[in-house]
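Me: I have a model open and would like to go through the terms used for it. Could you help me see what stands behind each one?

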Amino acid sequence: MRICCIGAGYVGGPTMAVIALKCPDIEVAVVDISVPRIAAWNSDQLPIYEPGLDDVVKQCRGKNLFFSTDVEKHVREADIVFVSVNTPTKTRGLGAGKAADLTYWESAARMIAEVSKSDKIVVEKSTVPVKTAEAIEKILTHNSKGIKFQILSNPEFLAEGTAIQDLFNPDRVLIGGRETPEGNKAIQALKAVYAHWVPEERILTANLWSAELSKLAANAFLAQRISSVNAMSALCEATGADVTQVSYAVGKDTRIGPKFLNASVGFGGSCFQKDILNLVYICECNGLPEVAEYWKQVIKINDYQKNRFVNRVVASMFNTVSNKKIAILGFAFKKDTGDTRETPAIDVCKGLLGDKARLSIYDPQVTEDQVQRDLSMKKFDWDHPLHLQPMSPTTVKQVSCVWDAYEATKDAHGICILTEWDEFKQLDFKRIYDNMQKPAFVFDGRNIVNMEQLREIGFIVYSIGKPLDAWLKDMPAVA
Ligand SMILES: NC(=O)c1ccc[n+]([C@@H]2O[C@H](COP(=O)([O-])OP(=O)(O)OC[C@H]3O[C@@H](n4cnc5c(N)ncnc54)[C@H](O)[C@@H]3O)[C@@H](O)[C@H]2O)c1
């Protein structure tokens, strides 16, 4: 059997590498229109950072795992074609700011129809709005020249930072297909691939629409938990409760569970906001404005949380950060990834720059070039293939990136911790304090520092949802 995956990104690369590792009898080709991306997959410096990924790729690359820009050849030869291309939010026209832009998906589908010479199973791996499969099916069948295509929805639930672990041991694999004998046969064929390593009871099957909607629903539920605890964090700060204690007590209820209850500066990543906007749009299109409003609140609270954080920083530092050096520790949207798509750091940095701060940024996995792109790019432009993104002609001058937390914090007035990298917990804060301007501030957007220890050193500390430092009392968090 031959598998081809269109789109060698955060999803296509790791998922296919794991399929190749677990199914030595299957030949897997991952193809992309981006030449540099494929070159990186074929080099020692993979294009994405993901713990354990290097090892998996090294074991199978050149044996039964291939990365190529020859998209048409590999699609033509494949029995199963996964499509894992970008599905950005539309920036103009009907549904702008909410609906998914299916340009890349549609062009991939048209190409599959054009080059195919044998029957194929086409698998939706990208997250797509409900009923996309129906549209894709139409494109394929209207251009099929007698070839039979079966379309399946197989949304990916991996989390960046733990992608390999998640793929090795998924909570569930979901396969949606047509409820016809041919549809069922296609489902069984894909099931047989996963059955190489996933226990049968964890491979769920559903109809196409349910599978598509399940992915949007799962992300909406996850993001909603974060917004719920973040909403509580604001109340905790106002009343003197400690959000860590509250979420611990809440999470002990087995009906609720402890995961995804950490208060923070806000969620980020390529999926949560995009998928909720999609869900909102679908609800609106189906005449369900109340449901749409309900889910919109999850994003509103996330934006509120980022604003609140910036306001805390500025208000504490005598209501101005103009020309003050602020160290930003962490730029990725979470630890163990170099991914910065929709990271809360972008909005926090933009907020501080708006108040004319000078930023010194350190993240162990994010390059200066990426930071500059992120800070100068328009909303939603990030979700297009790299070579189609607008170049950033101007760099943001008040921003510099360094490769060391001590360098970033030297002579700084304040520190904002925006990613929960483990190494930030081990920092020598006494050394940092000694090299900073006074009063020295720490704003912990991930609740990873020991507030008491830092206060003993002399820092003024703000931690999300924790009882406020005397310094911050009576300072409004929201303008
Ligand atoms: N990142 C995640 O954690 C995650 C998790 C689950 C689902 N998803 C979904 O999976 C999809 C892909 O996400 P990603 O994070 O891998 O994106 P990505 O931007 O990392 O990768 C997409 C790749 O597709 C390529 N591409 C676009 N059009 C193409 C075409 N016509 N032919 C060949 N290649 C093409 C791009 O060059 C790019 O390399 C999205 O729909 C996303 O919402 C992402």
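Reply: Gladly! The chain is assigned domain 1 (2–198) and domain 2 (242–472), with bounds that come from an automatic or database domain assignment. This is a predicted model, where local features need pLDDT of at least 70 and side-chain atom pairs count only at pLDDT 80 or more, while totals for chains, interfaces and linings use all residues. Residues are numbered from 1 along each chain as its sequence is written.

Me: What makes domain 1 and domain 2 count as in contact?

Reply: Two residues are in contact if their C-beta atoms, placed from the backbone, lie within 7 Å. By that rule, 21 residues of domain 1 are in contact with 22 residues of domain 2. The centres of the two domains, taken over C-alpha atoms, are 32 Å apart.

Me: How do you know that the radius of gyration agrees with a compact globule?

Reply: The radius is taken over C-alpha atoms, and the globule rule is 2.2 Å times the number of residues to the power 0.38. For 479 residues a compact globule would have a value near 23 Å, and the chain has 24 Å, so the two agree.

Me: Which residues are the closest around the ligand, and what makes a residue near?

Reply: A residue is near if its C-beta atom, placed from the backbone, lies within 6 Å of the molecule. The ligand is surrounded by 27 residues, the closest being Gly-7, Gly-9, Tyr-10, Ser-126 and Pro-385. Each of domain 1 and domain 2 supplies at least three residues to this shell.
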